[in-house]
Amino acid sequence: MKVEAHERFEGIYWVIFENGTRFLATENLTPGRNVYGEKLVVQDSKEYRLWDPYRSKLGALIMKGVRRLPLKTGDRVLYLGAASGTTASHVSDIVGPEGRVYCVEFSPRSMRDLVNNVCEYRANMIPILEDARFPEKYRSIVGIVGVIYCDIAQPEQARVLADNADMFLRKGGASFLAIKARSIDVTKKPTMIFEDEVEVLRERGFKIQECLYLEPYDRDHMMVVARFGA
Amino acid sequence: MDARLLHLPMGVFAFKPDGTLLAKSLYPMDPEGAAARIGGLESGYPPEETMALIRELRGKGYKNFIVDSEALARSLKKAGIKATYAKAEAQGWLQSFFENPGRMAVELGFVEKEGDYHAFVHRLSIALTRFRIKKASERKDSLLVQGVAALEEIDRVANLLLSRIREWYGLHFPEVGKLIENPETYLKIVANLGHRKEFSPEKLRGFISSEARVEELNKASKESIGADLAEEDLVQIRKMAEVVLGLMGFRDSLESYISHMAEELAPNTSALVGPIICAKLIAKAGSLEKLSRMPSSTIQVLGAEKALFRSLRTGARPPKHGIIFQHPLVHQSPKAIRGKIARNLAGKLAIASRIDAYGGVYMGEKLREDLEKRLEDIKKGYGSAKARERRRGA
């Protein structure tokens with residue numbers, strides 16, 4: 001088994017097993033601890049956490065071959081919809097101790113897991129139990145960030161991302177929007193829904209860089225990577 | 001003169017409307033203490049530092065306060081101080097703070113270096129979030145929702161285990177299963193009597209009221225085609241029957257616990273449809289507040305999601321009722337008017353749940369009366385000669 005750095009992206013690795021299978025991974029900020037039952041592997045006294053693309057849309061995005069990933073060591077990230085921390089923990093690994101992940105989550109039940117299992121052990125993750133539709137409520141905690149990752153399964157996802165970007169994202173900052181067609185309108189055709197959300201982003205000053213469908217990792221899901229106010 | 005008050009992680013700050021910093025009162029550099037103050041503010045108990053700052057400012061002639069908490073605005077107004085709630089505007093000092101909180105914290109002397117401020121915010125947000133999670137789980141309707149889920153699960157499990165016992169005991173005495181439909185009676189007989197040679201008319205009368213049935217069972221016990229089982233095998237089955245009886249007993253007490261809670265939590269809604277259906281509606285909606293926000297058309301079909309989305313997707317006929325079907329007013333009326341009844345009932349439920357969620361008077365009786373009057377009209381319309389003729393013609 002060996003661990004190799006990803007060809008293009010910082011802080012992301014491939015774990016290659018003897019039988020030839022490749023698994024995505026990040027370097028563990030909290031060696032000895034896993035978050036969602038993921039496997040830990042060690043090489044040259046460095047520990048890595050395997051990243052499951054079936055459970056993490058960001059992992060799926062990378063497996064689908066996204067060309068550019070505007071997320072690197074030292075970045076400050078506003079994560080809307082952090083849930084129990086599956087993806088957020090990998091973001092925390094990537095940005096490292098100098099970076100920061102502000103985790104906004106609405107459900108107390110998910111947040112309980114996020115606080116007790118993840119944020120408690122990671123000094124670069126800040127838990128915020130608030131509704132992402134009201135960014136002014138967490139304005140005094142979050143400063144200016146370079147990246148917003150938005151995965152909130154709400155009908156007005158793009159608008160919420162844009163409102164948060166207006167308040168927190170620096171000019172030229174990056175954003176990721178995971179669009180779940182079913183959450184917006186269960187009867188409309190997914191492609192139409194994706195187009196509508198992307199259009200909202202354009203109107204609010206985002207320049208769309210890449211859009212990828214997440215099949216087979218997620219059905220009727222699309223991830224949009226965009227740059228804000230370029 | 002106006003003063004803007006803002007609660008930041010470090011303490012309470014006052015600004016002039018143009019953004020210049022007027023005064024401040026810093027909290028001690030203790031994350032848990034700061035979290036407790038912010039949590040207290042959210043619950044309607046502003047920190048000492050806030051009140052001290054307000055006193056200081058009033059002394060300097062500031063009369064009108066624009067604050068960042070609705071709860072605070074309300075309590076200040078009650079105390080006779082002019083106060084309004086408004087979102088923070090990022091200008092001047094505040095703008096600098098929002099852009100680089102760490103640096104401002106160092107400038108103020110709150111911390112020595114930026115990293116310390118970040119560590120402070122990390123621990124503060126963990127403590128504050130834990131406080132908010134606690135507040136969220138203290139809500140009474142969370143207990144109701146869990147209780148209803150437990151009730152539904154117990155029903156499923158009890159049913160499953162009952163079927164198993166019928167099969168298992170049926171190896172020994174299959175005839176009982178056919179003769180005794182009632183689950184509780186069946187289980188009591190299995191648990192108490194066990195082997196069929198223990199069956200006798202006197203003992204059976206303790207469980208069954210019909211003399212004819214007692215006779216049949218007694219006869220069947222002598223002529224059964226089931227296997228003869230050893231005591232050690234029957235013991236297992238009897239123990240299991242006892243367990244299920246215990247579960248069913250608990251189920252009854254759970255149902256009464258839920259009923260009481262529903263009546264206390266949502267008296268108007270309980271008066272309209274009964275506490276159990278009320279509890280199921282709240283559980284399906286997620287909370288009483290969520291239920292109160294739903295339009296009556298949604299309440300009408302709560303619980304019929306499969307049919308609802310299918311009709312939305314394929315254009316098929318939409319469902320007329322969901323959970324509210326369980327109410328006798330709905331399921332006992334002729335099919336043709338169920339839709340009207342469901343719609344009217346849902347309308348009254350929407351009103352009732354709003355009164356319950358936002359702390360209002362009890363008017364359950366009036367709501368019921370209004371509903372019943374309306375239902376009278378519907379039934380009359382249905383039973384009238386004109387309507388019958390219309391239906392015959394169509």
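Biologist: Since the model is predicted, how do you know what confidence the predictor has in chain A?

Modeller: The mean pLDDT of chain A is 93, and 100% of its residues score at least 70, on a scale that runs from 0 to 100. Among the elements of chain A, strand E6 (residues 76-80) has the highest mean, 98, whereas helix H5 (residues 181-184) has the lowest, 78.

Biologist: Why are E1(A) and E2(A) said to pair?

Modeller: Two strands are said to pair if at least two bridges are found between them, and strand E1 (residues 2-5) and E2 of chain A have 4 bridges, in the antiparallel sense, so the pair meets that requirement. Within this pairing, Glu4(A) stands opposite Trp14(A) of E2(A). The two strands form a hairpin with 6 residues between them, and Gly11(A) in the turn has a positive phi of about 75°.

Biologist: Which strand pairs with E2(A) over 5 bridges?

Modeller: That is strand E3 (residues 22-27) of chain A, which pairs with E2(A) in the antiparallel sense, and here Ile12(A) stands opposite Thr26(A). The hairpin of E2(A) and E3(A) has 5 residues between the strands, and in it Gly20(A) takes a positive phi near 95°.

Biologist: Why is Asp151(A) called buried?

Modeller: Its relative accessibility is 17%, and the word applies under 20%, so Asp151(A) counts as buried. Asp151(A) lies in the loop between strand E9 (145-150) and helix H4 (157-168) of chain A. Leaving aside residues up to four places away in sequence, Asp151(A) touches Lys57(A), Leu80(A), Gly81(A) and Ala178(A).

Biologist: What makes the approach of Asp151(A) and Lys57(A) a polar contact?

Modeller: The side chains of Asp151(A) and Lys57(A) are joined at 2.8 Å, and the cut-off for such a pair of N or O atoms is 3.5 Å, so the distance falls within the limit.

Biologist: Why is Gly286(B) called partly exposed?

Modeller: The relative accessible area of Gly286(B) is 33%, and the term covers values between the limits of 20% and 50%, so partly exposed is the fitting description. Gly286(B) is found in the loop between helix H14 (275-285) and helix H15 (288-293) of chain B.

Biologist: How do you know that chain B and chain A touch?

Modeller: There are 26 residues of chain B in contact with 26 residues of chain A, and the two chains bury about 2200 Å² between them, 62% of it on carbon and sulfur atoms. The rule also finds 11 residue pairs in polar contact across this interface. On the side of chain B that touches chain A, strand E1 (2-8), helix H4 (92-99), helix H6 (114-137) and helix H17 (305-314) each supply at least two residues, and H6(B) gives the most, with 13 residues.

Biologist: What makes Glu136(A) and Lys87(B) a salt bridge?

Modeller: The closest N and O atoms of Glu136(A) and Lys87(B) are 3.8 Å apart, and the limit is 4 Å, so the pair qualifies as a salt bridge. Across the interface of chain B and chain A, the rule finds 4 salt bridges.

Conventions:
Residues are numbered from 1 along each chain as its sequence is written. Chains are lettered from A and ligands numbered from 1 in the order in which they are written. This is a predicted model: local features need pLDDT of at least 70, side-chain atom pairs count only at pLDDT 80 or more; totals for chains, interfaces and linings use all residues. Side-chain values use heavy atoms; hydrogens and water are left out. Contact means heavy atoms within 4.5 Å. Buried area is the accessible area (1.4 Å probe) that two parts lose on being put together, summed over both. A salt bridge is a side-chain nitrogen of Lys or Arg within 4 Å of a carboxyl oxygen of Asp or Glu. A polar contact is a pair of N or O atoms within 3.5 Å; within protein, one must be able to donate a hydrogen and the other to accept it, and residues adjacent in sequence count only if both atoms are side-chain atoms. Buried means under 20% relative accessible area, exposed over 50%, partly exposed in between (1.4 Å probe, protein chains only).
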